[in-house]
Amino acid sequence: MLTLVVDGHAVWLPGVAVLGVVVGYVAGMFGVGGGFLLTPLLAVVFGVPLEIAVGTGLCQMIGTSVAALIRHRQMGQGEIRFDLIAVVGSVLGVEAGARTLDALSALGAVHVGVGSVSVVRLVADGGYVVVLLTAAIMFGRGGRGALESTAHVRRGPLARVRVPPFVDLPAVPLRRVSATLIAYVGLGLGFLSGFLGIGGGIALLPVLVYGFGFPMRQAAGTGIVMLCATATVGTVVHALRGHVDLELAMVLLIGATISAQLGARASRSLGVRTLRRLFAGLILVTIATIVWDLVRRLSTAA
């Protein structure tokens with residue numbers, strides 16, 4: 001059988017498997033879960049209901065993030081102290097995001113012209129576009145925070161926030177960074193994970209690079225640890241709500257764990273400027289897909 005029925009929708013399995021390979025490669029290369037590609041494309045291209053796309057996407061990200069994490073650890077990339085503090089806030093944020101998704105799902109649909117779209121889809125698509133467009137602009141513009149060498153790190157504006165207690169981040173290296181602010185960053189990332197199923201990495205990378213001043217490769221290694229945590233918690237939270245399809249998640253994992261490690265290796269061979277531009281390009285393609293689907297729904301007779 002080449003199709004899988006997910007909540008009454010037939011999903012083409014070979015296409016899903018290819019999507020898993022692409023997402024795994026992106027996860028390894030950029031230190032994100034690929035949820036910014038996976039979740040909206042499952043909903044737009046394959047017709048998976050948004051709630052199940054969010055929960056299943058988070059479940060799949062556990063496998064890809066673990067594979068990418070192993071590779072980044074082998075290369076010595078990442079700041080574990082940042083992750084340990086941020087994960088505390090992210091656990092609370094995931095539950096809040098999932099509750100918001102449930103509340104919006106119960107509101108039904110809105111009608112605009114001849115078409116209609118569910119409230120949860122309209123709000124989620126708007127959230128995707130805002131988060132992704134912000135990340136694309138920041139990475140496409142570049143900056144001193146993305147320098148390849150840790151010897152030339154410049155403290156970003158968030159690294160200069162003076163809210164105690166403080167923590168040193170020797171792997172970056174940065175000294176006396178607000179641990180309280182890091183915890184709140186984790187809270188926001190957790191909310192995005194629970195609500196949009198994007199793992200938080202897509203939002204965390206620009207925060208690390210331009211907010212704190214992390215080099216790009218250290219940001220990727222740091223982001224992948226946060227992704228593991230938020231994806232695991234998010235999977236449990238959504239599974240309890242019946243939003244995880246294990247068969248679909250397993251198909252997505254075919255090839256994703258291998259491609260994640262290949263992506264992590266590629267991140268070491270490509271220049272920082274090339275990495276930034278590739279990342280921005282992927283984000284813009286995703287935004288175009290989301291906007292096209294929303295326009296199509298609103299212009300099609302209900």
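**Entry 1. Cavity lining**

I began with the elements around the largest cavity: helix 1 (13-30) and helix 8 (216-239) each contribute at least two residues to its lining. The model I am reading is a predicted one. Helix 8 gives the most, with 3 residues.

How much space lies in the largest cavity? I noted about 30 Å³. The search of the structure returned 1 cavity of 30 Å³ or more.

**Entry 2. Thr-230 in helix 8**

I stayed with helix 8 and looked up Thr-230, which is found there. Is Thr-230 buried or exposed? Its relative accessibility is 0%, so Thr-230 counts as buried, the cut-off for that class being under 20%.

**Entry 3. Surface patch**

I turned next to the surface. Tyr-25, Ile-258 and Leu-262 form a nonpolar patch there, and their accessible area together is about 300 Å². I placed Tyr-25 in helix 1, an element already noted for its part in the cavity lining. Tyr-25 counts as partly exposed because its relative accessibility is 35%, between the limits of 20% and 50%.

How many salt bridges does a search of the whole structure find? I recorded 8. As background, side chains of opposite charge can pair when their charged atoms come close.

I looked up the salt bridge of Glu-95 with Arg-241, in which the closest N and O atoms are 3.2 Å apart. This pair links distant parts of the chain, 146 residues apart: Glu-95 lies in helix 4 (residues 80-105), and Arg-241 lies in the loop between helix 8 and helix 9 (246-253). Glu-95 has 25% relative accessibility and therefore counts as partly exposed. Arg-241, at 27%, also counts as partly exposed.

**Entry 4. Salt bridges of Asp-293**

I then examined Asp-293, whose side chain meets that of Arg-121 in a salt bridge of 3.1 Å, N to O. Here too the pair links distant parts of the chain, with Asp-293 in helix 11 (residues 272-299) and Arg-121 in helix 5 (residues 119-141), 172 residues apart. I noted that Asp-293 and Arg-121 are both buried.

Asp-293 also forms a salt bridge with Arg-296, and the closest N and O atoms of this pair are 2.5 Å apart. Arg-296 and Asp-293 both lie in helix 11, 3 residues apart, about one turn of the helix.

Terms used:
Residues are numbered from 1 along each chain as its sequence is written. This is a predicted model: local features need pLDDT of at least 70, side-chain atom pairs count only at pLDDT 80 or more; totals for chains, interfaces and linings use all residues. Side-chain values use heavy atoms; hydrogens and water are left out. On a 1 Å grid over the protein atoms alone, a cavity is a set of points where a 1.4 Å probe fits but cannot get out, and a pocket is an open set with protein on both sides within 12 Å along at least five of seven lines; lining residues have an atom within 4 Å of a point. Grid points are joined across faces, edges and corners, and a volume is the space filled by probe spheres set on the points. Helices (H or I, at least four residues) and strands (E, at least two) are DSSP runs, numbered from the N terminus. Buried means under 20% relative accessible area, exposed over 50%, partly exposed in between (1.4 Å probe, protein chains only). Patches are made of residues with over 30% relative accessible area and no salt bridge: like charges are joined within 9 Å, nonpolar side chains (Val, Leu, Ile, Met, Phe, Trp, Tyr) within 5 Å. Accessible areas come from the Shrake-Rupley method with a 1.4 Å probe; for residues, only the protein chains shown count as cover. A salt bridge is a side-chain nitrogen of Lys or Arg within 4 Å of a carboxyl oxygen of Asp or Glu.
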